[in-house]
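Open the model in your viewer and keep the selection tool at hand. This tour goes stop by stop.

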Amino acid sequence: QVQLAESGGGSVQAGGSLRLSCAASGRTFSSVGMGWFRQAPGKEREFVAAINWSGTNRNYADSVLGRFTISRDNAKNTVYLQMNSLKADDTAVYYCAAEPRRGGLGYNYWGQGTQVTVSS
């Protein structure tokens, strides 16, 4: 059974940092892209960052560019999201995703999410 398990969420003051981890189990994802999404209360889920299989291509939402960094360790089957200079607007449940579908139609696998709360 394939599982994506996020960890590292929590509460932090504005300007602080957190590092999210997403550990995959059940199969290896070393040959596929992975990403992070988030959903704030009352809002739709939105894209945060994505990384290709080798880590050589990364994309970010404009709202996090320059503050967040996505990375991966294929030996550990894990993807990370380093979040710096956090703002109250970053408060959301953060979801890990793996294996993009063709045509940009989402991802095949999703984690359960981890809560990030930033207080101003």
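Is Ser21 buried or exposed? Select Ser21 and see. The model is a predicted one. Ser21 has a relative accessibility of 19%. The cut-off for buried is under 20%, so Ser21 counts as buried.

Stay there for a moment. Ser21 belongs to strand E3, which covers residues 18–25. Now show its contacts, skipping neighbours within four places in sequence. Ser21 touches Ala5, Glu6, Ser7, Trp36, Thr78, Val79 and Tyr80.

Next, select Arg19 and Tyr80. The charged end of Arg19 sits over the Tyr80 ring, 4.0 Å from the ring's centre. Then try Arg45 and Tyr95. Here the charged end of Arg45 sits over the ring of Tyr95, at 3.9 Å from its centre.

Now turn to the aromatic rings. There are five aromatic pairs. Select Phe29 and Tyr109. Their ring centres are 5.4 Å apart and their planes meet at 70°, so this pair is edge-to-face. Phe29 lies in the loop between E3 and strand E4 (34–39), while Tyr109 is in strand E10 (residues 107–110), so the pair ties together parts 80 residues apart in sequence. Phe29 is buried, at 0% relative accessible area. Tyr109 is partly exposed, at 25%.

Move to Tyr107 and Trp110. They also form an edge-to-face pair, 6.1 Å centre to centre, with 75° between the planes. Tyr107 is buried at 10% relative accessibility, whereas Trp110 is partly exposed at 30%.

Ring pairs link Phe37, Phe47, Tyr107 and Trp110 into a cluster.

Technical notes: Residues are numbered from 1 along each chain as its sequence is written. This is a predicted model: local features need pLDDT of at least 70, side-chain atom pairs count only at pLDDT 80 or more; totals for chains, interfaces and linings use all residues. Side-chain values use heavy atoms; hydrogens and water are left out. Helices (H or I, at least four residues) and strands (E, at least two) are DSSP runs, numbered from the N terminus. Buried means under 20% relative accessible area, exposed over 50%, partly exposed in between (1.4 Å probe, protein chains only). Contact means heavy atoms within 4.5 Å. Rings of Phe, Tyr and Trp (its six-membered ring) pair if their centres lie within 6.5 Å; planes under 30 degrees apart count as stacked, over 60 as edge-to-face and the rest as tilted. A charge sits over a ring if NZ of Lys or CZ of Arg is within 6 Å of the ring centre and within 35 degrees of the ring normal.
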